[in-house]
Amino acid sequence: MLPLRKSWSFVALISCAAAGTVKTDLVISNAVVAPDGFSRTAIVVNDAGPGSLITANKGDRLEINVVNQLTDESMNKSTSVHWHGIFQHHTNAFDGTAFVTQCPIASGNSFLYNFNVEDQAGTFWYHSHFNLQYCEGLRGPIVIYDPKDPYRHLYDVDDSELVSSA
């Protein structure tokens with residue numbers, strides 16, 4: 001039984017060594033936008049709406065620093081970000097559901113979401129879980145690639161515009 005444990009530990013170390021860390025900032029702020037030709041105040045992520053595409057590989061650690069620069073009281077100045085569809089095994093404090101798994105991030109502050117994407121690949125999205133902020137623009141795409149995807153040769157591009165209206 002002892003040799004089995006040693007070989008299992010060795011495999012686990014190889015698996016961990018191959019995983020990377022993806023670090024990014026999401027700066028949440030207010031801006032005047034006119035997606036339908038009529039100007040209105042909205043919430044933007046990194047000065048864009050919808051927010052920036054986040055990409056990673058299966059097994060990676062995500063370190064996402066959310067910086068809250070919201071100033072418009074009508075949309076609330078506090079916020080949180082939920083990673084829709086991403087399993088939070090043993091990291092529920094980073095699930096982003098305001099008043100359930102975390103306190104909202106106050107304006108002028110930041111919060112570092114730090115979690116692994118262990119056994120998941122595909123297209124997901126992030127969005128605010130605070131009042132109706134995702135309707136006001138706080139949302140964006142996440143694509144988790146599987147380097148061992150047997151169908152990878154069948155596609156050559158992932159267009160973030162396809163998930164921008166999520």
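1. A quick convention before anything else: a residue is called buried under 20% relative accessible area, exposed over 50%, and partly exposed in between. Phe111 comes out at 26% relative accessibility, so this residue counts as partly exposed. Bear in mind while reading on that this is a predicted model.

2. The protein chain has one helix and eight strands, and read from the N terminus the order is α-β-β-β-β-β-β-β-β.

3. Of the 166 residues in the protein chain, 33% are buried. Among contacts with a separation of 6 or more, 65% are between residues 24 or more positions apart. The chain exposes about 10000 Å², and carbon and sulfur atoms supply 56% of that area.

4. Aromatics deserve a look. Searching the whole structure turns up seven aromatic pairs. One of them joins Phe111 and Tyr113, with 4.8 Å from centre to centre and 75° between the planes, an edge-to-face arrangement.

5. A second pair to check is Trp125 with Tyr134. Their ring centres are 6.2 Å apart and the planes meet at 70°, so this pair is edge-to-face as well. Trp125 is buried, with a relative accessible area of 18%; that value falls under the 20% cut-off, which is why the label applies. Tyr134 is partly exposed at 34%.

6. Which residues do ring pairs link into a cluster? They are Trp83, Phe94, Phe111, Tyr113, Phe115 and Tyr126. Both members of the Phe111–Tyr113 pair therefore belong to this cluster, and I'd colour the six residues together when viewing the model.

7. Now for a loop. Gly59 lies between β3 (54-57) and β4 (61-69) and is partly exposed, at 25% relative accessibility. Its C-alpha atom is 5.2 Å from that of Val117, although the two residues are 58 apart along the chain. Beyond its neighbours within four places in sequence, Gly59 is in contact with Ala19, Val117 and Glu118.

8. Tyr151 is in the segment following β8 (139-145) and is exposed, with a relative accessible area of 54%. Together with Leu154 and Tyr155, Tyr151 makes a nonpolar surface patch of about 360 Å².

Notes
Residues are numbered from 1 along each chain as its sequence is written. This is a predicted model: local features need pLDDT of at least 70, side-chain atom pairs count only at pLDDT 80 or more; totals for chains, interfaces and linings use all residues. Side-chain values use heavy atoms; hydrogens and water are left out. Rings of Phe, Tyr and Trp (its six-membered ring) pair if their centres lie within 6.5 Å; planes under 30 degrees apart count as stacked, over 60 as edge-to-face and the rest as tilted. Buried means under 20% relative accessible area, exposed over 50%, partly exposed in between (1.4 Å probe, protein chains only). Helices (H or I, at least four residues) and strands (E, at least two) are DSSP runs, numbered from the N terminus. Contact means heavy atoms within 4.5 Å. Patches are made of residues with over 30% relative accessible area and no salt bridge: like charges are joined within 9 Å, nonpolar side chains (Val, Leu, Ile, Met, Phe, Trp, Tyr) within 5 Å. Accessible areas come from the Shrake-Rupley method with a 1.4 Å probe; for residues, only the protein chains shown count as cover. A salt bridge is a side-chain nitrogen of Lys or Arg within 4 Å of a carboxyl oxygen of Asp or Glu.
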